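Student: Hi! I'm new to this one. Could you walk me through it?
Tutor: Happy to, let's have a look together.

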Amino acid sequence: MKRSLCGYKMLEIGMKAPDFELLDQNGDKVTLSQYLGKKVVLYFYPRDNTAGCTK
């Protein structure tokens, strides 16, 4: 398994994403596991104007 520039383990094709929790636009908690059995697209990008975004 590869590591990112930040030291976190990177997912590879075919790997399952770990469950996580975030807040939606209304401040309600949403977890990845709430979508179990459904098709989900996850898209993450580095924060704007940081080394991970601009290099």
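**A first walk through the chain**

Tutor: Residues 24 or more positions apart account for 5% of the contacts (heavy atoms within 4.5 Å) in the chain with a separation of 6 or more. This is a predicted model, where local features need pLDDT of at least 70 and side-chain atom pairs count only at pLDDT 80 or more, while totals for chains, interfaces and linings use all residues. Residues are numbered from 1 along each chain as its sequence is written, and side-chain values use heavy atoms, with hydrogens and water left out.

Student: What pattern does the chain follow along the sequence?
Tutor: The pattern is β-β-α, with helices (H or I, at least four residues) and strands (E, at least two) taken as DSSP runs numbered from the N terminus.

Student: How much of the chain is buried?
Tutor: Of the 55 residues, 4% are buried, meaning under 20% relative accessible area with a 1.4 Å probe, counting protein chains only.

Student: Okay, Thr31 then. Where is Thr31 found?
Tutor: Thr31 sits in strand 2, residues 29–31.

Student: Is Thr31 buried or exposed?
Tutor: Thr31 is buried, because its relative accessible area is 18%.

Student: And which residues does Thr31 touch?
Tutor: Leaving aside residues up to four places away in sequence, Thr31 touches Asp19, Phe20 and Glu21.

Student: New topic: what classes of residue line the second largest pocket?
Tutor: Its lining has eight nonpolar residues, two polar and four charged. Here Ala, Val, Leu, Ile, Met, Phe, Trp, Tyr, Cys and Pro count as nonpolar, Asp, Glu, Lys and Arg as charged, and the others, Gly among them, as polar.

Note on methods:
Buried < 20%, exposed > 50% of the residue type's maximum accessible area, 1.4 Å probe, protein only.
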